[in-house]
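Visitor: I would like to look at this model with you. Could you take me through a few of its features?

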Amino acid sequence: MAVELTQAAQAFAAMGSEPRLEVLMCLVRAGNKGLLVGDIQERTGIPASTLNHHLKFMTAAGIVRQEKQGRTIHNYAQLDQLEALAGFIINQCCADDRQLHANSNGDVQDKGADNV
C-alpha cells in the first residue's frame, strides 16, 4: 500500500494530539477485536462527545475504521494503514546519503564552488 505525502500528512495530523494518540494506542492494543466507544472512554477518561469527535477525525484520516452493528459502534485501528505510514517515514531514513552514494560516480558537484 503506497502512501502519498498528502495522505500521510492527514494521517499524522490525526495522531497529532495527545488524546487522539492515546485513543489510537488503545485501539492498536485491542488489535482486530476493536473497542466500543464506552470501552475507549473507560480506558482514556475522555468524555463521550469529545471522544466521538476524535474518532471521526481519525476515521476521516483513514487510521481508524468504525463499524455500526445495530446501535453499537465498533472501532478498529487500521493496522495496515498505520504500518504503511510507519514505512513511509522509515523509508526516508538516510535517503540523502543514498542519493549522494548513487551520485558518487562524479556526478555530484559542490554547489558552493561556483560562488567563490
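Visitor: Is I46 buried or exposed?
Guide: This is a predicted model. I46 sits in the loop between α3 (37-44) and α4 (48-60). Its relative accessible area is 8%. Buried means under 20%, so I46 is buried.

Visitor: Which residues does I46 touch, not counting those up to four places away in sequence?
Guide: Take E22 as a spatial reference: E22 and I46 are 24 residues apart in sequence, and 9.8 Å apart in space, C-alpha to C-alpha. The contacts of I46, with that sequence limit of four places, are P19, V23, Q41, L51 and H54.

Visitor: How far apart are the end C-alpha atoms of helix α5?
Guide: Helix α5 covers residues 79-90, which makes 12 residues. At 1.5 Å a residue, α5 should span 16 Å. The model agrees: the end C-alpha atoms are apart by 16 Å.

Visitor: Which elements do the buried residues of α5 pack against?
Guide: Q81, L82, A84 and L85 are buried in α5. Seen down the axis, they fall within an arc of 160°, so they line one face of the helix. The face turned away from that side carries exposed D80, E83 and I90. The buried residues pack against α1 (5-14), α2 (18-30) and β3 (72-77).

Visitor: How many disulfides does a search of the whole structure find?
Guide: C26 is buried, at 2% relative accessibility. C94 is partly exposed, at 43%. The cysteine sulfur closest to that of C94 is in C93, at 3.2 Å, which is too far for a bond. Over the whole structure, the number of disulfides found is zero.

Notes: Residues numbered from 1 in each chain as written. Predicted model: local features only at pLDDT ≥ 70, side-chain atom pairs only at ≥ 80, totals over all residues. Heavy atoms only, no water. Helix = DSSP H or I, 4+ residues; strand = E, 2+ residues; numbered from the N terminus. Expected span 1.5 Å × (residues − 1). Buried < 20%, exposed > 50% of the residue type's maximum accessible area, 1.4 Å probe, protein only. Arc of directions from axis to C-beta. Contact = heavy atoms within 4.5 Å. Disulfide = S-S within 2.5 Å.
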